[in-house]
Amino acid sequence: MEYLEHQNIEEVSISELTKKMESMSFHLHQETTDKAQLNPIKRLSSIQNVWKAVKTKLGNPKTALDVGSGFAYGTIFLDKQNIKTVGIEKVRSKNTQAIELFRKLGIILNKVDEIDFTKSPAILEADFNSLQSQEVADLITMFYLSGELVTNQQTFKVCEKLLKKDGKIVLSTEADRKTIESIIGNGNFKLPSGFSFEIIDVPNNFEKTVIILNKV
Ligand SMILES: C[S@@+](CC[C@H](N)C(=O)[O-])C[C@H]1O[C@@H](n2cnc3c(N)ncnc32)[C@H](O)[C@@H]1O
């Protein structure tokens, strides 16, 4: 009981999910050498710390697109915060494994052919930059962001199109603030015009730095 009094409903539901994960074994695989994504418990915990650091700055988003969703940790996490969420991931084998992973945990991750928040939590298998919808989401997240995505100028044009007025983008990365500031400074990561931005540190976390972009 005491445990419940000190945590809100969303935190309890994530810690219950983590407990279930601890009692099971998973055999996720992917083609790149990055191993961090293969550990669901560590990914959920890191995303939770990112969320704690930013949530008061996001207004009260009702809908989110979790871009480059990988094994859908962020998609499930946001859905558990009562935010209707569709993950966008282009790699089929990750989507298949994500559906199976969460099925074992008792969560239905729906596969959709278009952005449909009524099916949350859902996954849309697509190249993000091919999406055509307009002003559909309050929030776009890229947890443990893909460098390939954020250095492509098209990505933020698509974000701008998909976001509603006052919409926000949350980018989280394992790089530290100094590295991010120098990448921005040398022009390799051009923050989009039409957005203001803020950098937030998440100390002692896998994703150490978050960039919040506000559509103005
Ligand atoms: C570093 S992983 C992060 C996965 C997940 N967000 C997490 O927190 O564990 C980045 C993901 O972005 C996906 N990705 C990269 N470019 C993409 C694109 N254009 N459209 C959709 N997904 C993309 C990759 O396939 C990869 O799964």
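This is a predicted model: local features need pLDDT of at least 70, side-chain atom pairs count only at pLDDT 80 or more; totals for chains, interfaces and linings use all residues.
Eight strands form an open sheet with mixed pairing, in the order S3-S4-S2-S1-S5-S6-S8-S7. Its edges are strand S3 (110-112) and strand S7 (195-201), each of which pairs on one side only. From one strand to the next, the twist averages 20 degrees. Within this sheet, strand S6 (residues 163-173) and strand S8 (residues 209-215) run antiparallel and are joined by six bridges. Serine 172 has valine 210, in S8, as its bridge partner.

Helix H5 (residues 92-104) packs on the sheet, where it touches strand S2 (84-89), S3 and strand S4 (122-125). The direction of H5 makes about 165 degrees with that of S4.

The loop between S4 and strand S5 (137-142) contains aspartate 127. This residue counts as exposed because 11 C-beta neighbours lie inside 10 Å, and a residue with 12 or fewer is classed in that way.

The ligand is surrounded by 20 residues, of which Gly68, Gly70, Phe128, Phe143 and Ser146 are the closest. Helix H4 (73-80), S2 and helix H6 (147-150) are the elements that give two or more residues to this shell. By residue class, the shell comprises seven nonpolar, seven polar and six charged residues.

Definitions and conventions:
Residues are numbered from 1 along each chain as its sequence is written. Two strands pair if DSSP finds at least two bridges between them. Helices (H or I, at least four residues) and strands (E, at least two) are DSSP runs, numbered from the N terminus. Axes are lines fitted to C-alpha atoms, for helices over the stretch in contact, and angles run from 0 to 180 degrees between N-to-C directions. Two residues are in contact if their C-beta atoms, placed from the backbone, lie within 7 Å. A residue is buried if 20 or more other C-beta atoms lie within 10 Å of its own, exposed if 12 or fewer, and partly exposed in between; C-beta atoms are placed from the backbone. A residue is near a molecule or strand if its C-beta atom, placed from the backbone, lies within 6 Å of it. Ala, Val, Leu, Ile, Met, Phe, Trp, Tyr, Cys and Pro count as nonpolar, Asp, Glu, Lys and Arg as charged, and the others, Gly among them, as polar.
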